Structures are given as C-alpha cells and as structure tokens.
Amino acid sequence: MLFRKVKSILKFLLRFSKNNETLVKVPDFVGLDKKVTKSIFRYELFRTTLHLNGAILEVGVGSGQGLRMCIRHQEFHLDKRKIYAFDSFEGFPKGSKQDLPNFNAQSKPKYKEFSVSFVKEYLLATGASKDQVAGVRFIQGYIPDSLQKFDGSPIALLILDLDLYEPTLDSLNYFFEYLLPGGVVLLDDYDGDSAKKKWPGVKKAVDEFCRINNLILMRGYGDLTYLQKSLDF
Ligand SMILES: C[S@@+](CC[C@H](N)C(=O)[O-])C[C@H]1O[C@@H](n2cnc3c(N)ncnc32)[C@H](O)[C@@H]1O
C-alpha cells in the first residue's frame with residue numbers, strides 16, 4: 001500500500017520532468033525516512049535511463065554505498081552498461097572560498113580511508129560478485145585533473161556527489177557534452193538543510209551551470225535534484 005503510494009508520486013514527478021518543468025519541493029509525504037525516499041528516487045532515475053546505451057558514472061564515491069546501489073540496480077535489470085567510479089580515493093581537497101564558511105576538509109578524515117581497495121572490499125562484503133567489482137572502472141585522482149582519464153564514452157546516467165563547488169562545476173562542464181539526449185544528471189546535496197550548512201558550494205556550481213546553459217533544474221526528494229538532457233540539446 002505504502003509502496004504503491006510512493007510509486008504513484010514518483011510517476012507524477014517523472015511525468016513533470018519529461019515536460020521540462022521545474023518541480024515544486026515535494027513534502028515529506030508519507031513520513032518515510034529521508035534516506036529511503038532518496039534511494040527510491042535514485043532508482044527511479046536509474047530506470048529512466050535504462051533504455052539508453054551509455055555508461056553510468058558515480059562521481060564522488062566515498063565508501064561506495066551509491067556504487068553498491070548502481071550494481072544492485074544493474075543486477076536486477078540484467079543491465080550490462082559500463083560503470084565508472086571517480087574519486088580521489090584519498091579524501092577531500094581543500095575546497096574553495098565558495099565552499100566557506102562551514103566546509104572544512106580536515107573535519108572529514110574518514111574519507112581518507114576510502115581507497116580503491118577499501119571500496120572494492122566494501123562492495124564484495126555487501127554481496128557484489130568478483131566479476132561485478134572487476135567490471136567497475138575506477139578512475140582515481142583529483143578532479144579536474146582526473147577528468148582527462150575518461151575515455152569519452154557516451155553517458156546515460158551521471159551521479160554527482162562531490163560536496164564542493166569547483167569539482168562539481170568542472171564535472172558538469174566536462175561530462176555534460178558526453179551525456180546522451182534523455183540522459184540524466186543526478187545531483188546530491190543541492191539545498192537540503194545539511195547541504196546549506198555544510199557544503200553551500202554545490203548549489204552555487206549547479207545554479208551557475210544551469211544559468212549559463214539555460215537548463216532547468218528539477219527536483220527529486222530531499223536535497224536530490226536532477227537535470228535531464230533534452231532530445232534537441
Ligand atoms: C559525500 S562523498 C560521496 C558519497 C557517495 N556518493 C556515497 O554514495 O556514499 C564525496 C566524495 O567526493 C570526493 N571528492 C570531493 N572533491 C573531489 C575532487 N576534487 N576530486 C575527486 N574526488 C573528490 C571525496 O573524496 C568524497 O569521497
């Protein structure tokens with residue numbers, strides 16, 4: 001019952017997104033945990049791009065939880081599209097003045113532990129197979145330098161979760177041209193409560209990119225927002 005309700009509201013949202021309209025913020029409609037609604041929406045966007053023959057990019061991997069979701073989604077749909085995972089895999093860079101006043105890389109020491117081998121082990125420990133893990137292309141290094149390691153594959157789904165102004169803007173500028181028409185960019189931490197407090201740079205980067213490229217940002221749940229490339233971009 002609850003699931004059906006969630007599904008119908010998601011359908012409603014996606015219908016709007018196809019019309020390219022900005023969505024009004026969705027209230028916490030059924031009192032579900034924020035993480036749950038975020039995960040459901042992430043899955044909906046994954047499904048939206050299933051018909052596109054392009055890669056899935058997780059840019060900002062952290063411990064690998066989002067990556068794990070992508071693998072699970074693929075498994076469920078027998079989806080064999082390539083997955084790329086971009087991160088420094090050694091923690092956050094300093095950040096710029098756009099990320100001030102509250103962002104402080106020193107206050108996130110645990111991210112230094114999230115090396116490529118840590119993430120691989122996490123994936124295996126949470127049930128991914130050796131083949132699935134071996135299939136992920138890990139691209140290590142700090143953005144923007146690491147962007148040059150990308151092979152230029154067409155992109156179906158780009159998941160950006162970098163928390164900072166500069167790498168978010170650099171990634172949008174770099175990857176958007178590889179995004180297939182109909183492809184989706186999922187943007188985490190846009191303007192939720194913790195985003196406003198802790199990492200204000202993401203919103204600035206996204207707003208700047210949308211303004212310059214005349215794009216309309218669409219809303220998911222919580223602080224999830226997304227862009228969908230129009231067919232005539
Ligand atoms: C919030 S975490 C990502 C969480 C992840 N998406 C998940 O689902 O668990 C943000 C990640 O962005 C990475 N990051 C931030 N700035 C970066 C940059 N300039 N280059 C590469 N990685 C960066 C950090 O190392 C960190 O792992």
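A: Begin with the sheet: seven strands form an open sheet in the order β3-β2-β1-β4-β5-β7-β6, with mixed pairing. Strands here are DSSP runs of E with at least two residues, helices are runs of H or I with at least four, and both are numbered from the N terminus. Two strands pair if DSSP finds at least two bridges between them. This is a predicted model, in which local features need pLDDT of at least 70 and side-chain atom pairs count only at pLDDT 80 or more, while totals for chains, interfaces and linings use all residues. Residues are numbered from 1 along each chain as its sequence is written.

Q: Which strands stand at the edges?
A: β3 (136-140) and β6 (218-219) do; each has a single partner strand, so one side of each is left without a neighbour in the sheet.

Q: How does β6 join strand β7?
A: Strands of a sheet pair through backbone hydrogen bonds, either parallel or antiparallel. β6 and β7 (residues 225-228) run antiparallel and are joined by two bridges. Opposite T225 in β7 stands R219.

Q: How many helices and strands does the chain have?
A: The chain has eight helices and seven strands. One of the helices, α2, lies across β4 (155-160), β5 and β7 and runs at about 170° to β5. Such angles run from 0 to 180 degrees between N-to-C directions, with axes fitted to C-alpha atoms, for helices over the stretch in contact. Contact means that two C-beta atoms, placed from the backbone, lie within 7 Å.

Q: What span should helix α8 have?
A: The expected span is 1.5 Å times one less than the number of residues. α8 (residues 201-213) has 13 residues and should therefore span 18 Å, which agrees with the 18 Å between its end C-alpha atoms.

Q: Which residues of α8 are buried?
A: They are G201, V202, K203, A205, V206 and F209. The buried residues of α8 pack against α6 (165-175), β5 (179-187) and α7 (193-198). After α8 comes N214, with a positive phi near 55°.

Notes:
Buried ≥ 20, exposed ≤ 12 C-beta atoms within 10 Å, placed from the backbone.
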